[in-house]
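Colleague: I'm new to this one and would like a close look at a single part, the sheet. Could you walk me through the strands and what surrounds them?

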Amino acid sequence: MVPLLSEWPVLSELRARTESLRPGRLVVAALDLLLPPTCILCSAQVDAPGLLCGACFGELSVIGAPYCTCCGVPFELAWHAAEGGLCQGCIDTPPAFEHARAALTYDNASRRLVLPFKHGDRIEFAAVLARFMVQAGAELLRRADIIVPVPLHRRRLFVRRYNQAALLAQTLGRMTGRPVMVDALARVAATRTLDGKSAAERRDEVAGAFAVRPRRANLLQGRRVLLIDDVMTSGATAGACSEELLAAGVTAVDVLVAVRVPDPREKSVPRRAYRRRRPGQPAKF
Ligand SMILES: [Zn+2]
Ligand SMILES: [Zn+2]
């Protein structure tokens, strides 16, 4: 079968390159006619460049209630929340930040957005992820004085050439008009990958890895900061950054991330345990 014109790789590339030159309206209209814009993840036609088609959008799991009132980790069922609507992790080790919210669950569908964004130079995905984040973090964005991204260590920044959290922070700043300070924090120690580590191991690994830049400390004092990252797993990185910001005189820190790795304990609760629990009895994991 002959593919659609817009599916020919050379023509898609031509379209992307022409768009990067910020052409005028007439050129864009001509492009739309010749090469209709396609979904950023597949070849389905969409109304405008930079959008997801209905099918790819539908596969994403947008996080909604019920979730932990503190760290925002989603619960499968509302009664999994312990006292105060908290998850067990927030009860055992209360995080330094006030509230964290995430836009999407980390799963096969969101990985198609996050991994190319983080490791594959698809920096244009920042706008798509940020649109989801504006929805999930509307309240946090409204009360933030300054938006601050989680920093990369300079060696990793040299290799990757961009900090994906900073791109999200800048995009959110443009969308909401909130001020952004991309260099408020520095990663002063290179940390090993946190993949496969427990929450306690993650906290140990990132302890002391971040610092507020002295020349920025004055501007942060007495302000409420919204910390931005692409992925949140245990919250160890967000917690370590929050501790540094609070020590520098920030009044409070909230956290907004694009995707959230679900609590593995949610999946490990056997279905029979659900039935055995009496109504009103708090969930134990
Ligand atoms: Zn699609
Ligand atoms: Zn929690």
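**A close look at the sheet**

Modeller: Let's start with a pairing: β2 and β5 run parallel to each other, joined by four bridges. Strands here are DSSP runs of E with at least two residues, helices are runs of H or I with at least four, and both are numbered from the N terminus. Two strands count as paired if DSSP finds at least two bridges between them.

Before going on, a word on the source: this is a predicted model, where local features need pLDDT of at least 70, side-chain atom pairs count only at pLDDT 80 or more, and totals for chains, interfaces and linings use all residues. Residues are numbered from 1 along each chain as its sequence is written, while chains are lettered from A and ligands numbered from 1 in the order in which they are written.

Ile146 sits opposite Val225 of β5, and Val148 has Leu227 in β5 as its bridge partner. In a regular strand, side chains alternate between the two faces of the sheet. β2 is covered on both faces: Ile146 and Val148 are buried on one side, Ile147 and Pro149 on the other. Buried means that 20 or more other C-beta atoms, placed from the backbone, lie within 10 Å of the residue's own; 12 or fewer is exposed, and in between is partly exposed. Strand β5 (residues 224-232) is mostly covered too, with eight of its nine residues buried.

β5 also pairs with strand β6 (residues 252-260), again in the parallel sense, over eight bridges. There, Leu226 has Asp254 of β6 as its bridge partner. Together with helix α12 (residues 236-247), β5 and β6 form a right-handed β-α-β unit; that is, with the strands pointing away from the viewer, the path from the first strand over the helix to the second runs clockwise.

Zooming out, the order β1-β6-β5-β2 gives an open sheet of four strands with parallel pairing. At its edges are β1 (100-105) and β2, each pairing on one side only. On average, neighbouring strands of this sheet are turned by 20° against each other, direction ignored. Helix α5 (residues 108-119) packs on the sheet, touching β1, β5 and β6, and its direction makes about 105° with that of β5. Angles run from 0 to 180 degrees between N-to-C directions of axes fitted to C-alpha atoms, for helices over the stretch in contact, and a contact means C-beta atoms, placed from the backbone, within 7 Å.

Note on methods:
Two residues are in contact if their C-beta atoms, placed from the backbone, lie within 7 Å.
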